[in-house]
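Biologist: Hi, could you walk me through this model? I'd like to begin with how the pieces pack.

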Amino acid sequence: MTVQELADTLQLKEFNMGEPDRTAEGGYCGDLLSWVMGRAVAGGAWLTIMSNVNVAAVASLADVACVILTEGVQPDPPLLARCRAQDINLLGTEMSTYDCAGKLHALIG
Amino acid sequence: MSGDDKIHLSYQVEGGDLTRAGEASSSVKQTLRKLGLDPAVIRRVSVCMYEGEINMVIHANGGLAMVDVGLDDIVITLTDFGPGIPDIDKAMQAGYTTAADSVRDLGFGAGMGLPNMKKYSDDMKIKSIVGMGTTVTMVINIP
Ligand SMILES: Nc1ncnc2c1ncn2[C@@H]1O[C@H](COP(=O)(O)OP(=O)(O)OP(=O)(O)O)[C@@H](O)[C@H]1O
Ligand SMILES: [Mg+2]
């Protein structure tokens, strides 16, 4: 499933869609950046409540397909700017991390 | 090609500035992409380099990052003139951290950076002298 299809299906807020056609498969939930670096799956979705600018670097270097800010968290303006500049897919939802992960699991494993 | 068929990259990493941290790693990633390297190799280099870069920013007031891209491997050398690491075995333990609350609030300080560097490199060496600084060398083989 592409990130765009994922966003449409789960009605995610599209903060930035730099690479909407990228395929997303699998995922990881976490807020401690080194855990995410070490454990996130390349090409997967990353669910987090962290919203500072360092999220962009981790997303790009860990090579995740998209970041989903859960629990209604809004991106800090520098994060949004960085995602725009680097074509990083940044999404958001009011769902809890748990609920969002459950839905994702059914859709993209 | 003449005697040296490696590509050398080097970066000055600023200390303390966490808004710019990761720029060197991102630049290395872009270069490796242009060279057409396997995405799995690029990802391993990215993890190792980012964790090392962040450590220099947070713990050592910055430093120098050098990356040598060869045909068989990629060697990352990170040199800083920070406080040094008194007990390297302890620092390598998952969960060990001396990070301040201010950086923990940003999501750093899980004590997982060095373990990640070990896990994602094929070889890693740390040389450190307290009061002098630290050099971390990581080798990632290109299969
Ligand atoms: N370049 C360095 N100079 C001085 N001390 C360092 C350096 N790199 C690591 N350390 C020490 O080793 C500890 C463990 O490092 P590690 O990268 O594993 O965790 P962290 O940086 O504290 O947290 P995380 O990487 O999970 O965000 C650090 O807290 C710090 O005390
Ligand atoms: Mg670290």
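Modeller: Happy to! One term before we start: contact here means heavy atoms within 4.5 Å. Also keep in mind that this is a predicted model.

Biologist: Got it. Which strands of chain B does helix 1 lie across?

Modeller: Helix 1 of chain B, residues 23-34, lies across strand 1, strand 2 and strand 3 of that chain. Its direction is at about 160° to strand 1 of chain B.

Biologist: And helix 5 of chain B, what does that one lie across?

Modeller: Helix 5 (residues 113-120) lies across strand 4 and strand 5 of chain B, running at about 140° to strand 4.

Biologist: What's the strand order in the open sheet of chain B?

Modeller: The order is 1-2-3-5-4, five strands with antiparallel pairing. Strand 1 (7-14) and strand 4 (123-129) of chain B each have a single partner strand, so one side of each is left without a neighbour in the sheet. On average, neighbouring strands of this sheet are turned by 10° against each other, direction ignored.

Biologist: How many bridges join strand 3 to strand 5 in chain B?

Modeller: Eight, and the two strands run antiparallel. As for a particular pair, Ile76(B) has Met138(B) in strand 5 as its bridge partner.

Biologist: What about Thr77(B), buried or exposed?

Modeller: Thr77(B) has a relative accessible area of 17%, and buried means under 20%, so Thr77(B) counts as buried. Thr77(B) sits in strand 3 of chain B, residues 73-80. Among its contacts beyond four places in sequence are Leu64(B), Met66(B), Thr135(B) and Thr137(B).

Biologist: Switching topic: which residues touch the most other members of the largest nonpolar core?

Modeller: Those are Trp46(A), Val67(A) and Ile76(B), in a core of 61 residues. Helix 2 of chain B, residues 39-59, gives the most to this core, with 10 residues. There is also a second, separate core of 17 residues, including Leu6(A) and Met95(A).

Biologist: Last one, helix 4 of chain A. Which of its residues are buried?

Modeller: In helix 4 (residues 77-85) of chain A, Leu79(A), Leu80(A) and Cys83(A) are buried. They cover an arc of only 100° around the axis, which puts them on the same side of helix 4.

Biologist: What do they pack against?

Modeller: The buried residues of helix 4 pack against strand 1 (13-16), helix 3 (54-61) and strand 5 (90-92) of chain A. Exposed Pro77(A) and Ala85(A) are on the face turned away from the buried side. After helix 4 of chain A comes Asp87(A), with a positive phi near 55°.

Terms used. Residues are numbered from 1 along each chain as its sequence is written. Chains are lettered from A and ligands numbered from 1 in the order in which they are written. This is a predicted model: local features need pLDDT of at least 70, side-chain atom pairs count only at pLDDT 80 or more; totals for chains, interfaces and linings use all residues. Side-chain values use heavy atoms; hydrogens and water are left out. Helices (H or I, at least four residues) and strands (E, at least two) are DSSP runs, numbered from the N terminus. Buried means under 20% relative accessible area, exposed over 50%, partly exposed in between (1.4 Å probe, protein chains only). Two strands pair if DSSP finds at least two bridges between them. Axes are lines fitted to C-alpha atoms, for helices over the stretch in contact, and angles run from 0 to 180 degrees between N-to-C directions. A nonpolar core is a set of buried Ala, Val, Leu, Ile, Met, Phe, Trp, Tyr and Cys residues joined through side-chain atoms within 4.5 Å. The arc is that of the directions from the helix axis to the C-beta atoms.
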